[in-house]
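Reader: Could you walk me through this one, starting with the ligand site?

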Amino acid sequence: MFLKVSLATLLVVLGLSTATPVGAAPVTVTNGTQFKDTSGAVVHAHGGGMLKVGDYYYWFGENRNPDNTFRAVSVYRSSDLRAWEFRNNVLTQSSNPELKLANIERPKVVYNSSTGQFVMWMHKENGKDYNEARAAVATSSTVDGNYTWRGSFRPLGNMSRDITLFRDDDGTGYMVSAARNNADLNLYRLTGDYLGVANLVRTLWPGSSREAPALFKRGGKYFLLTSGATYWQPNQQKYATASTITGTWTSPTNVGNSTAYGSQTAHVVAVQGSQATSYLYLGDRWAGAWNRPVNESQYVWLPLTFPTATTMTMSWYPRVSIDTATGVVTGVQ
Ligand code: DGJ
């Protein structure tokens, strides 16, 4: 006798599922907007960074008071890069006396596999002016737990403002930050535990006033994307490449239009899937450009394209389609 069973029933009996795998469907993100989290609240991850842990992308960023002083570093997570679940304010004004009144900008987190710690670096100011020009470090044993403040300092005595972190394939950590009143961009190698600076690798393009660094590696080549230094106003982003991170970097080359489509670089995230690895530009459209608080800033996310192994382009799209399962990221008109 034949039983009439649906394909779905058969798959369930066989222990297979017809449910859509996490992050499998392409999603569309609309540019030049304030993103909302899964509770409907505005996502405050300004000047942020992203790292993938398990199935989730964790997005850390600035969450400020209405007067732009530090409120928290907030973290959200998503498997598809659109549905952002608020997880925690991982660093707050009460985490340490230094944070009671402060400015915290551009928090970035990397995982240190030798210590098992998630290590955050950020730019720290005193909440009154921009003269401290310090880097600061905080750590946690879980990606979205409460981070422990490890202090602020000037790396090797150098001023340090806009900042990013990069973990190379061999586990070596690097930090890039703007020095000498933003005239220089310094590339430092971190200590093995990522809690300090081991040495200055080099000062990139001395006197060229580049900031907002985002460092990533594609096909064995290193890319460093930066902006000019024009406060909250958007400007021309440029990129440079290198074959070895400690070696010679090319001169910066223009990418995107003269204002990065009204944004400034925050981070570049690699979206690695079954078909492709795409590189997604995460930019901030700072509300300071229209004299509003940082928490009213918007996001601009654009696919980066690579005509050759060492060249990069970025075009405007009002929307971006992202499929984290396949890794395909495309602009949508
Ligand atoms: C540009 C920097 O990239 C931002 O992080 C922020 O420091 C603003 N300047 C402040 O004017």
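Reader: How far is a polar side-chain atom of Glu-105 from an oxygen atom of the ligand?
Author: First, the ground rules: this is a predicted model, where local features need pLDDT of at least 70 and side-chain atom pairs pLDDT 80 or more, while totals for chains, interfaces and linings use all residues. Residues are numbered from 1 along each chain as its sequence is written, and side-chain values use heavy atoms, leaving out hydrogens and water. A polar contact here is a pair of N or O atoms within 3.5 Å. For Glu-105 and the ligand oxygen, the distance is 2.5 Å.

Reader: How much of the ligand does the protein bury?
Author: On its own, the ligand exposes 290 Å² (Shrake-Rupley, 1.4 Å probe). The share of that buried by the protein is 91%.

Reader: How far is an N or O atom in the side chain of Gln-264 from an oxygen atom of the ligand?
Author: Glu-211 also has a side-chain N or O atom by a ligand oxygen, at 3.4 Å. For Gln-264, that distance is 2.9 Å.

Reader: How many residues of the shell around the ligand are charged?
Author: The shell includes Arg-106, Asp-162, Tyr-231 and Trp-232 (a heavy atom within 4 Å of the ligand). Two of the shell residues are nonpolar and one is polar. Asp, Glu, Lys and Arg count as charged, and the number of those is four.

Definitions and conventions
Polar contact = N/O pair within 3.5 Å; in protein donor to acceptor, adjacent residues only side chain to side chain.
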